[in-house]
Amino acid sequence: MTTKVKNGLIGFFDILGYSSFLENNEAVIAVDIITDLLREIQTLKENAIKTFSIENTVYSEIVKRIEYLIISDSIILSLVCKKREDEDNEYKDELKVFLLYSSFLMKKLFIKGLPLRGSIDYGEFVIVENTFVGKPIINSYKAGNKINLAACSILEPVGIDILKDLENDLYFKYNTPIRNGEEISTLLHFLIGEGEGDNYKLDKIKDFKQFIMDSFVKHNKPLDKKVYQKIINTEMFLRFCKAITK
């Protein structure tokens, strides 16, 4: 049986502080939290389908095609789609929905005390059960792993310029702290408002540092110098987002 190679978008995310989370919680508590995580992701997809159905039935169908795989502290999102060189409205819709879904995922888990760091790429890949290979998976893993804050970078093969009208709304060009300095990256905005009554969007959060601190130290995770630097870097990015979108 020949395994079919797919083309599409890949989002590779890691939970920051996962080792500390496991070390500082009893097994039964950790299992309960991880079970809630799985439930949260499935609920997110169901709610996203309902939300996108109200806006656009095409978007709703795209959400249904997004798949996820969870292995230890990693979450891999995938969407099979074809990017063309010309102006491609179909891929434009697929990319927009994939980025919004990734943003909602980061936001939901951040609130739950499970901040994510990751990256999104485009290319050929294979995911069969718990086995996954492909250049965009490797690239997104490496790119996300070097970011020194809770954020998600969008890599060049994605072709983000097709959504130029959403720059400084859905994504930002930002001088991003990485392990060995800084680099200009395209970062996903993960505190997008989800309608009325949403208290976790940029213009509703009054104390960014406390909001971020709560996420990083929740579930008995310790605070040390490395964690504190990620907190500061995340705060600066969110403040930048807020300043640009005023």
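Here is a short walk through the structure shown above. It is a predicted model, where local features need pLDDT of at least 70, side-chain atom pairs count only at pLDDT 80 or more, and totals for chains, interfaces and linings use all residues. Residues are numbered from 1 along each chain as its sequence is written, and side-chain values use heavy atoms, with hydrogens and water left out.

Let's start with the overall build. The chain has seven helices and eight strands (DSSP runs numbered from the N terminus, with at least four residues of H or I for a helix and at least two of E for a strand). Its radius of gyration, taken over C-alpha atoms, is 17 Å, close to the 18 Å from the globule rule for 246 residues, so the chain is as compact as a globular protein of that length. That rule is 2.2 Å times the number of residues to the power 0.38. Along its principal axes, the C-alpha trace spans about 45 × 45 × 40 Å.

Now for the inside. Of the 246 residues, 48% count as buried, meaning under 20% relative accessible area with a 1.4 Å probe, protein chains only. The largest nonpolar core holds 69 residues, and Leu9, Leu95, Leu99, Leu105, Leu163, Leu170 and Phe237 have the most contacts inside it. Such a core is a set of buried Ala, Val, Leu, Ile, Met, Phe, Trp, Tyr and Cys residues joined through side-chain atoms within 4.5 Å. Helix H4 (residues 89-111) gives this core its largest share, twelve residues. Another core, of six residues, lies apart from it and includes Ile10, Phe12, Leu69 and Ile137.

Notes
Buried < 20%, exposed > 50% of the residue type's maximum accessible area, 1.4 Å probe, protein only.
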